[in-house]
Amino acid sequence: MKYNHLLTTAALLALASPAAAVEKTEVLDTYANIAAAKYGDSLITAQRLRTAVQALIASPSSDSLTAARSAWLSARVPYQQTEVYRFGNAIVDDWEGKVNSWPLDEGLIDYVDASYGGPSDENELAGLNVISSPTFTLSGTQIDASAITPEFLSDTLHEADGIEANVATGYHAIEFLLWGQDLNGHDAGAGDRPWTDYAAGDDCTNANCDRRGEYLAAATDLLVSDLEWMRAQWGDDGAARKALTQDTDAGLASILTGMGSLSYGEQAGERMRLGLMLNDPEEEHDCFSDNTHNSHYYDGLGIQTAYLGEYVRVDGTQVSGPSLADMVAEADADLNLEMQAKLSNTMMALGRIKTAAEAGFAYDQMLARGNAGGETLIMGGVDALIDQTRSIERVVTMLGLDQIAFEGSDSLDAPSAVFQ
């Protein structure tokens with residue numbers, strides 16, 4: 001059977017005419033639009049988390065605790081994809097510590113196992129347990145902690161005494177309050193806080209259930225308000241969007257700085273290689289919930305979407321537009337293919353970690369000394385992230401943005417310094 005292939009006049013003209021060059025302003029607009037969508041999704045899922053937390057506090061039960069945990073896990077999916085906006089965007093990096101700081105000295109917040117220890121020369125508040133302490137002394141000043149409010153957490157307790165480990169706000173403080181400590185070391189199992197930690201009266205376990213609920217509610221309210229603020233910064237008149245677009249070359253440098261720094265120093269180094277070197281389950285990013293495999297995966301996906309200029313929202317709609325990939329393809333098609341292949345390789349490597357964890361081989365088990373399978377999985381991700389960083393550097397050079405410097409990590413750049 002013979003088919004006649006008829007081309008319209010418009011199609012013939014499209015074949016005859018070269019595609020219009022991708023403008024730098026268009027690439028920056030796409031990047032900012034996706035940032036707004038990602039922070040918008042982070043806000044939506046945090047609001048759902050707040051609803052679940054309110055239900056837990058109002059009617060504590062095994063089911064309401066499970067629902068709150070599930071909402072927290074869902075909230076991590078869009079948020080982790082925003083981490084690519086750090087490093088290159090000062091407004092994000094200055095703010096990020098409010099919502100995603102880790103690791104934390106959880107003894108600051110609530111009761112901990114005796115093996116945790118207590119105050120140290122480095123941090124005298126490491127064992128404070130503010131939930132059981134309506135008053136305490138901070139830098140010689142008596143602090144009234146009788147009311148646990150968002151303002152108290154953000155203005156007084158978070159990073160108290162200027163110590164970064166005094167994390168009082170954000171996803172990981174909430175994670176600890178939902179799961180409790182993971183005391184399993186390299187064995188199977190996450191934190192197992194009982195729902196009765198939020199129960200009333202004689203059913204309350206581990207004391208101060210009312211204050212624990214106050215803290216959880218305040219931390220969740222604060223997370224929502226912090227995300228509302230950041231979403232606004234990427235709106236049409238937002239400060240982050242304006243800072244990105246006021247100088248097109250500097251804006252492109254911001255995109256690539258975020259991609260390269262998250263790929264190399266932060267994710268490959270501080271979040272993956274370092275934990276493997278130390279064989280320390282406390283070096284998990286989401287250590288209370290055993291959700292680290294997802295945190296790594298969605299960090300990687302955030303880097304990929306920043307390059308490709310496309311993002312699927314939590315409601316299934318897609319945000320896309322002219323991208324860095326389009327711009328690179330116009331100048332060097334082979335480099336674009338290389339970059340996309342490296343990003344895909346990284347997602348495959350991170351996907352193997354995610355798949356193994358979901359099948360029962362948790363990330364903290366992978367970190368155990370002598371676990372060859374775990375080391376292979378984690379180093380597969382580390383090596384792929386390093387490899388894609390080399391291609392990001394080639395993109396930087398090709399675009400003439402050689403002034404960019406990516407974040408490093410002693411675990412990659414000076415391994416012997418890790419043990420000093």
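The briefing below takes up the disulfide and the cysteines, and then the nonpolar cores.

This is a predicted model, in which local features need pLDDT of at least 70 and side-chain atom pairs count only at pLDDT 80 or more, while totals for chains, interfaces and linings use all residues. Residues are numbered from 1 along each chain as its sequence is written, and side-chain values use heavy atoms, with hydrogens and water left out.

**Cysteines**

- A disulfide is a covalent bond between the sulfur atoms of two cysteines, and it is counted here as a pair of cysteine sulfur atoms within 2.5 Å.
- The count by this rule is 1 disulfide, which joins Cys 204 to Cys 209 with an S to S distance of 2.1 Å.
- The torsion about the S-S bond of Cys 204 and Cys 209 is about 95°, so this disulfide is right-handed.
- Cys 204 is partly exposed at 23% relative accessible area, whereas Cys 209 is buried at 4% (buried means under 20% relative accessible area, exposed over 50%, and partly exposed in between, with a 1.4 Å probe and protein chains only).
- Cys 287 is also buried, with a relative accessible area of 10%.

**Nonpolar cores**

- A nonpolar core is a set of buried Ala, Val, Leu, Ile, Met, Phe, Trp, Tyr and Cys residues joined through side-chain atoms within 4.5 Å.
- The largest nonpolar core has 90 residues, and those with the most contacts inside it are Leu 157, Leu 178, Tyr 215, Trp 234 and Met 259.
- Apart from this core lies another, of 16 residues, among them Ile 353, Ala 356, Tyr 363 and Leu 377.
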